[in-house]
Amino acid sequence: IECQTTDGYPKPITRASVKSSLQTRYLDAEESSTTGPGTYHYKFKPTLDDGGRIDVSCVTQQYIGSKLINAKNDVRESVVNFPPQPKQPMEAYPEVGKPLTVHLLFRAYPKPTMSQIQWTFTPANEKEITYNGDNLPDNFRIETSSLDDGFYDISFIIRNVTEDLKYKGQRIRVNNGVGSEDYYMDLDFDSVEDVPAGDDGGMTTVIAAVIGGVAVLIAGILAFLFRKKAPCCAEPKQENRPTEEGTPLNHM
């Protein structure tokens, strides 16, 4: 960043700053060099937090003692471009016959257009098929939205998950003209199929409980029958005595 100022007395103090949507950075004097009277160069290395539109300022100030007597602020607008940066992996747990939405969060400047987003399917042992975001088959859709701090959310929507998607690898390529990044969509069918749905899981539990109850009941009946047929001397023999009402008590 080059800042220029005319000479004067007291000698002007010059500094540079860069303001983005997320931060303002002041470039220290140690990062500056001069090529002649009144011309200063400041080194500025952009970071992701500087991405997007920025204001570059050259501030010139004159002091007498501690009193500011003159100040000038020259502001120029500039842009820091950077390619898509990964934010999180793309994971999903689809179910055949149901809709599915998979989100991709990333940072980039400028924002990719719909035609710069590619959705590629790679069937097993077949040639891959690639669609641009603005030319997808009817069963697929892409939506984009802007978030805070320069992040974007791309929603990849499958209106109806079909059986053949189990055998197709899926790659997403996002290009914004500065660079591109590939993301891989992991559709985990196995986890969904191994975990029973709420109703089915409840029915399985009820059936198991009923079967368990029947087993206990059968075991009780068999034990009862076995003891009825046991020899007399298995326990001390006792005579049946009448109750007060005259009804005999049967020992088991």
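**Exercise 1.** Over how many bridges do β4 and strand β5 pair, and in which sense?

*Solution.* Start with the model. The structure is predicted: local features need pLDDT of at least 70, side-chain atom pairs count only at pLDDT 80 or more, and totals for chains, interfaces and linings use all residues. Residues are numbered from 1 along each chain as its sequence is written, and side-chain values use heavy atoms, with hydrogens and water left out.

Next, find the strands. Strands are DSSP runs (E, at least two residues), numbered from the N terminus. Strand β5 covers residues 39–42, and β4 covers 32–36. Two strands pair if DSSP finds at least two bridges between them. β4 and β5 pair over 4 bridges, in the antiparallel sense. In this pairing, serine 32 stands opposite tyrosine 42 in β5.

**Exercise 2.** Give the strand order of the open sheet and name its edge strands.

*Solution.* The sheet has 3 strands in the order β1-β5-β4, with antiparallel pairing. β1 and β4 are the edge strands; each pairs on one side only.

**Exercise 3.** Find the disulfide and describe its two cysteines.

*Solution.* A disulfide is a pair of cysteine sulfur atoms within 2.5 Å. The whole structure holds 1 disulfide. Cysteine 3 and cysteine 58 form it, with sulfur atoms 1.9 Å apart. Cysteine 3 lies in strand β1 (residues 2–4) and cysteine 58 in strand β6 (residues 52–64), so the pair, 55 residues apart, links distant parts of the chain. The link is left-handed, with -80° about the S-S bond.

Now check burial. Buried means under 20% relative accessible area, exposed over 50%, partly exposed in between (1.4 Å probe, protein chains only). Cysteine 3 is buried at 1%. Cysteine 58 is buried at 13%.
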